[in-house]
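Hi everyone, thanks for making time this morning.

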Amino acid sequence: MSTLTNNIEIIKTEATKINDVDFDNLKFGDVFSDHMLECDYKDGKWHAPKIVPYQAITLDPSAKIFHYGQSVFEGMKAYKDTDGKAWLFRPLDNFKRLNISSKRLAIPELPEDYFMEGLKTLLDIDKDWIPTNQGSSLYIRPFIFASGKGFHASPADAYKFIICTAPSGAYFSGEVRVLIEETYSRSANGGVGFAKAGGNYAGQFYPTQLAVEKGYQQVIWTDDNNHEYIEEAGAMNIFIRINDTLITGPTSDRILDGITRKSIIELAKAENIPVEVRKISVKEVVEAAKNGTLKEMFGAGTAAVISPIAGFGYKDADYELPKLDKTYASYLKKRITDIQTNKAEDPFGWRYEA
Ligand code: PLP
Ligand code: COI
């Protein structure tokens, strides 16, 4: 369904905010580029997207997003190389996942060209907002929510698809310590854990606050049956290295099918790093920490890229990870960011010129 070429209305801002931004000291996702993409679903179809100045939106208080939480989102990044070309990383995978998430939340699926052409047009207009400093990028947040009115607990009849972008630095500053969760669950069998649904994150905040009060930054989510198996690390997939083998859990309806995760698996295989996709129990990780075979743990996701975990807590005990000179985390992070930023060959075909 391709209907869009050259059919995107563009209203440009009269005053750029770019000169107010300190590109050398960017935080994650707290300043926003000049423009955003906006697209409405009404009368049974998605209408052509528009690019408008970044601005507040007005919603009816009965809009179903506020009451029933019908909302999904994506996280992507754009990078600029030394020739000034802009690049995305596996963007079609984000598009496909957005529609997978939408389907689970009974949100109408979006046409591919509204997403891809809309995003490319937006990036072209705000190209100067893509940072070039090492470790910085333009974080891209596509999202869809129910703007339709009414208190009836049923899917809305109107939705908005918006893409905003934010020049961003690192997601985490400093060491990351995590707490293996024994009480709360992020997701359940048959639930929405595999979807990037806003509510999945709201449900994490309280248990994460409790972990922060105990001195950790993130929760390691475990399965909702018995909290026996390691599933995710906050808003990241998780990798565990025991001896020389990298292990990550299989995706399921409780786990987000992360694009960084699957890229790391492919990269590790190509680099002859032994990698296993299998269930990994908390018991196995604690035993490996005790007998010295646990070498690394790291989270993987678009925002955080690859974030080494310095230590973890479990049942009132703390375990430190060794400080190695050479880690899979730093090696794989360099490989993946070099591909993303066009500093290295991309034998996988992941990089996409925006
Ligand atoms: N798991 C969760 C719950 C996430 O929110 C994210 C972030 O997007 C990820 C994993 C990593 O996914 P990706 O690598 O596609 O960003
Ligand atoms: C991402 O990694 O892009 C995410 O969506 C995580 C987010 C909750 C910051």
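**Cavities, pockets and a ligand**

Searching the whole structure turns up two cavities of 30 Å³ or more. A quick word on terms: on a 1 Å grid over the protein atoms alone, a cavity is a set of points where a 1.4 Å probe fits but cannot get out, while a pocket is an open set with protein on both sides within 12 Å along at least five of seven lines, and lining residues have an atom within 4 Å of a point. Grid points are joined across faces, edges and corners, and a volume is the space filled by probe spheres set on the points.

Please keep in mind that this is a predicted model, where local features need pLDDT of at least 70 and side-chain atom pairs count only at pLDDT 80 or more, whereas totals for chains, interfaces and linings use all residues. Residues are numbered from 1 along each chain as its sequence is written, chains are lettered from A and ligands numbered from 1 in the order in which they are written, and side-chain values use heavy atoms, with hydrogens and water left out.

Let's start with the cavities. The largest cavity holds about 130 Å³ of space, and its lining includes M76, K77, I259, T260 and T302. β6 (76-80) gives the largest share of that lining, three residues. Helices here (H or I, at least four residues) and strands (E, at least two) are DSSP runs, numbered from the N terminus. By class, the lining of the largest cavity has five nonpolar, six polar and one charged residue; Ala, Val, Leu, Ile, Met, Phe, Trp, Tyr, Cys and Pro count as nonpolar, Asp, Glu, Lys and Arg as charged, and the others, Gly among them, as polar.

The second largest cavity has a volume of about 30 Å³. Among the residues lining it are R186, W221, E231, E232 and R254, and β11 (218-222) and β12 each supply at least two lining residues. Its lining divides into one nonpolar, three polar and four charged residues.

Now the pockets. The largest pocket has a volume of about 920 Å³. Of its 44 lining residues, G135, V305, I306, K333 and T337 lie nearest its centre, and the lining divides into 18 nonpolar, 15 polar and eleven charged.

The second largest pocket contains about 770 Å³ of space. It is lined by 36 residues, with F73, R141, Y171, Y201 and A235 nearest its centre. α4 gives the most to this lining, four residues.

So where does ligand 1 sit? Ligand 1 is in the second largest pocket, where sitting requires more than half of a molecule's atoms to lie within 2 Å of the grid points. Around ligand 1 there are 16 residues, of which K196, Y201, E232, T260 and T302 come nearest; being near takes a heavy atom within 4 Å.

What about polar contacts, meaning pairs of N or O atoms within 3.5 Å? Y201 places a polar side-chain atom 2.4 Å from an oxygen atom of ligand 1. A side-chain N or O atom of E232 is 2.4 Å from a nitrogen atom of ligand 1. From I259, a polar backbone atom lies 2.8 Å from an oxygen atom of ligand 1. The protein covers 97% of the 380 Å² of accessible area that ligand 1 has on its own, by the Shrake-Rupley method with a 1.4 Å probe.

Conventions. A polar contact is a pair of N or O atoms within 3.5 Å; within protein, one must be able to donate a hydrogen and the other to accept it, and residues adjacent in sequence count only if both atoms are side-chain atoms.
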